[in-house]
Amino acid sequence: MSAKPVILGELGLLSLFDLAQLLMLNGATGTLHVNNVGKKGYFRFEKGQIANAVDDMLNEGEDAAYRVFAWRRGTFEFRVEPPLGPRTINDSTEGLMLEAARRMDEAGQTEPGESVTQALQARAGKFEALREAFVRVAFDASPAGRALGQASDGTRFGLLAAAGDALLYRPGHAVRLQRSGQWGAIADEALESADYAQLCATFFEGVTVTEGTAAHRVVVEDGRRLEISRLPAPNEALLVRALEVGASGMPVLRGD
């Protein structure tokens, strides 16, 4: 039995670029089927990233993706499905879309004065703002999660969406997030001493931190390579910094 479509409609009001950005935002895994006046193609998504594309000539990979992205009329449907077949696209989806837009502009596949590249870049900022808003809504709905800095799907350290992002845990204080060089509290709730102690024990059980000496270790969790530092008194804290983040670092929205 084939999977039930969870998104379907007509191209025009929404472009394939818009759909790809929405699926990135959702961290979706499945297949986006596209029908363009009898021509069929698809994009296969894994955790919000395009892993493969097939055009109407059954070509696969990046060139097929560029060809299908240029389709501006037709219908689409997205089905939630497990990953199928090998990955043929290793470039980021953002880079793939920018290259597709650039090729469309160079080929003159737009109306006079219209730039697909400029429109895509303008929308990217709006989708990033929308992603941030969904993260905030998820925390508002989950007091326990926001106190510990979990992502909306319960993933520990899930807010570390890019290399350089950091979470700061201090007992009796709200968890703080650093993103793009800016620090801010992710919620109003203070971190309980017991929760802080449990978090420290997870990574530094049996390790004694003396005054003036910090303890460090590097771990990999959910596609993230993290440096975890336990800072000593009098400013005792746990600092978690993303060294490298894979696709799974994206926040996940639940539901159709």
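1. Strand β6 (residues 166-169) and strand β7 (residues 176-179) pair in the antiparallel sense over 3 bridges, and within this pairing L168 stands opposite R176 in β7. Two strands are said to pair if DSSP finds at least two bridges between them, while a strand itself is a DSSP run of E of at least two residues, and a helix a run of H or I of at least four, both numbered from the N terminus.

2. This is a predicted model, in which local features need pLDDT of at least 70 and side-chain atom pairs count only at pLDDT 80 or more, whereas totals for chains, interfaces and linings use all residues. Residues are numbered from 1 along each chain as its sequence is written, and side-chain values use heavy atoms, with hydrogens and water left out.

3. The pair β6 and β7 belongs to an open sheet of 6 strands, antiparallel in its pairing, with the order β8-β7-β6-β11-β10-β9. At its edges are β8 (182-185) and β9 (215-221), each of which pairs on one side only. From one strand to the next the twist averages 20 degrees, where angles run from 0 to 180 degrees between the N-to-C directions of axes, which are lines fitted to C-alpha atoms, for helices over the stretch in contact (heavy atoms within 4.5 Å).

4. Helix α6 (residues 193-204) lies across β6, β9, β10 (224-231) and β11 (237-245), and runs at about 85 degrees to β9.

5. Turning to the whole chain, the protein has 6 helices and 11 strands. Of its 256 residues, 40% are buried, a term for under 20% relative accessible area with a 1.4 Å probe, counting protein chains only.

Notes
Buried < 20%, exposed > 50% of the residue type's maximum accessible area, 1.4 Å probe, protein only.
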